[in-house]
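Here's a friendly walk through one protein model. Have a look at the sequence and the 3D view, and then we'll take a few spots in turn.

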Amino acid sequence: MEKQYEVLLKYINKLEGSELHRNKNEHDVTNAYGIYRYQHPKDPIWKYIDSIAASITRAPSHAWDSKTITSIDAKINKATDLELSYNFYKKYLGALDITQYPEDLVVSVVTCFVNTQVGAWKALQEALNDCHKYNLFTFIPPKMHPNGNILLVDGKFGNTSKGALKAYVDNLKTKDVET
């Protein structure tokens with residue numbers, strides 16, 4: 001598993017209480033890595049959890065009480081839960097490709113992305129423009145914008161934005177080697 005996913009999944013697991021649960025006012029259960037069944041009912045994690053639940057109850061997950069949830073959680077193989085959650089997030093965050101980000105930015109980038117994808121791209125474009133203005137990395141775009149920015153802040157993370165991000169990350173890696 002890539003280090004960026006390790007960082008993200010560790011963070012989510014801690015945030016979610018490290019167990020299968022149902023939050024008050026939610027329709028269904030959430031696994032230990034924040035995958036909410038109501039929003040992602042067809043994800044393979046639920047087939048796995050249902051296979052465990054079958055030895056405890058016949059009720060659908062939205063009807064499980066806290067004692068049932070605790071009993072099911074106790075039988076979940078944590079390594080399997082982690083692996084299936086990793087597979088979910090690789091697919092769910094595919095457009096973001098978190099492996100390109102420095103580990104210390106992963107949680108912030110993903111949090112922004114989950115709340116608003118277009119907003120996340122705009123925030124990254126703004127940040128890259130600012131970092132470029134402060135000479136934190138070198139990047140020559142195909143076209144400079146009239147305001148001196150290297151990127152148009154439009155929420156569309158195309159090849160120019162990807163190139164600027166790569167130049168920024170490559171510069172960080174070079175600085176890490178120098179120190």
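Predicted model: local features only at pLDDT ≥ 70, side-chain atom pairs only at ≥ 80, totals over all residues.

Is Y38 buried or exposed? Y38 is exposed, with a relative accessible area of 51%.

**Aromatic rings**

Searching the whole structure turns up 8 aromatic pairs. In one of them, the rings of Y5 and Y86 sit with their centres 5.3 Å apart and their planes at 90°, so this pair is edge-to-face. Y5 belongs to helix α1 (residues 3-15) and Y86 to helix α4, 81 residues apart, so to speak a link between distant parts of the chain. Y5 counts as buried at 2% relative accessibility, and Y86 is buried too, with a relative accessible area of 15%.

Y38 turns up again here, as it forms an aromatic pair with Y36. This pair is tilted, at 5.8 Å from centre to centre and with 40° between the planes.

| Pair | Centre to centre | Angle between planes | Arrangement |
|---|---|---|---|
| Y5 and Y86 | 5.3 Å | 90° | edge-to-face |
| Y36 and Y38 | 5.8 Å | 40° | tilted |

**A helix with two sides**

Now move to helix α3, which covers residues 66-75. Which of its residues are buried? They are T68, I69, I72 and D73. These residues cover an arc of only 135° around the axis, which puts them on the same side of α3. What do they pack against? The buried residues of α3 have α2 (44-53) and α4 (78-92) as their packing partners. Over on the other side of α3, S66, K67, T70, A74 and K75 are exposed.

**Two helices packed together**

Two packed helices are described by the angle between their axes and by the distance between those axes. For helix α5 (residues 103-115) and helix α6 (residues 117-133), the angle is about 140° and the axes are 5 Å apart. That makes α5 and α6 oblique to each other.

Who meets whom here? From α5 come V109, C112, F113 and N115, and they meet Q117, G119, A120, W121, A123 and L124 in α6. The residues of this contact of α5 with α6 split into 7 nonpolar and 3 polar, with no charged ones.

Definitions and conventions. Residues numbered from 1 in each chain as written. Heavy atoms only, no water. Buried < 20%, exposed > 50% of the residue type's maximum accessible area, 1.4 Å probe, protein only. Helix = DSSP H or I, 4+ residues; strand = E, 2+ residues; numbered from the N terminus. Arc of directions from axis to C-beta. Contact = heavy atoms within 4.5 Å. Axes fitted to C-alpha atoms, helices over the stretch in contact; angles between N-to-C directions. Parallel < 35°, antiparallel > 145°, perpendicular 65-115°, else oblique. Nonpolar A, V, L, I, M, F, W, Y, C, P; charged D, E, K, R; others polar. Phe/Tyr/Trp six-rings, centres within 6.5 Å; stacked < 30°, edge-to-face > 60°.
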